[in-house]
Amino acid sequence: MPTTELPFETASWGRRVLALVVDYAACWGVMLLIYGGAWFGNGSLPSLYLMLLFIAESALLMALSGGSFGQLATRLRVVRIDGSGRPLTLLMALLRQVLICLVIPPLVFRPDGRGLHDLICGSATVPLRVPDRGPGVSG
């Protein structure tokens with residue numbers, strides 16, 4: 001889909017990176033709660049567990065609520081580009097997160113900010129908008 005035909009604005013790279021850092025920090029925290037400090041520096045298996053936790057957490061939350069913990073905390077969400085605004089299916093969310101862990105797909109992107117992972121999954125990361133409650137309505 002050409003950039004000019006996207007029905008939404010994509011999120012900035014700064015917020016996307018911040019969301020990724022928040023997700024990884026949350027996953028590290030969970031790993032520390034489960035294994036304690038002993039899992040640091042014990043070879044590649046703990047790193048694999050951390051990556052699997054990241055993929056599972058972010059894909060599950062993405063399919064259920066439209067974004068990973070870090071994305072929702074930084075007011076982002078992932079939507080289908082079909083214009084429905086619905087979250088990805090669990091399978092597409094899993095594929096998207098695996099592609100992100102491969103590192104290269106997010107680094108190859110279009111001018112609209114969507115990387116290969118988004119192009120393959122038919123998704124885009126967008127800012128989370130608060131619905132306008134109209135004039136005269138206070139919070």
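The structure is a predicted model, in which local features need pLDDT of at least 70 and side-chain atom pairs count only at pLDDT 80 or more, whereas totals for chains, interfaces and linings use all residues. Residues are numbered from 1 along each chain as its sequence is written, and side-chain values use heavy atoms, with hydrogens and water left out.

The cysteines come first. A disulfide is a covalent bond between the sulfur atoms of two cysteines. Here the term denotes a pair of cysteine sulfur atoms within 2.5 Å, and the structure holds zero of them. For Cys 101, the closest cysteine sulfur belongs to Cys 27 and lies 9.4 Å away, which is too far for a bond.

The next topic is charged side chains. A salt bridge requires a side-chain nitrogen of Lys or Arg within 4 Å of a carboxyl oxygen of Asp or Glu, and by this rule there are three. In one of them, Asp 118 meets Arg 96 at 2.8 Å, N to O. Asp 118 belongs to helix H6 (residues 116–121) and Arg 96 to helix H4 (residues 90–101), so this pair ties together parts that are 22 residues apart in sequence. Helices are DSSP runs (H or I, at least four residues), numbered from the N terminus. Both Asp 118 and Arg 96 are buried.

Asp 112 takes part in a network of salt bridges with Arg 110 and Arg 114. Its side chain meets that of Arg 110 at 3.7 Å, N to O, and that of Arg 114 at 3.1 Å, N to O. Asp 112 counts as buried at 5% relative accessibility, and Arg 114 is buried at 1%.

A polar atom of the Thr 10 side chain lies 2.5 Å from the backbone oxygen of Asp 112. Thr 10 is buried, with a relative accessible area of 16%. Leaving aside residues up to four places away in sequence, Thr 10 touches several residues, including Arg 16, Asp 112, Gly 113, Arg 114 and Pro 127; contact here means heavy atoms within 4.5 Å.

Technical notes. Helix = DSSP H or I, 4+ residues; strand = E, 2+ residues; numbered from the N terminus. Buried < 20%, exposed > 50% of the residue type's maximum accessible area, 1.4 Å probe, protein only. Polar contact = N/O pair within 3.5 Å; in protein donor to acceptor, adjacent residues only side chain to side chain.
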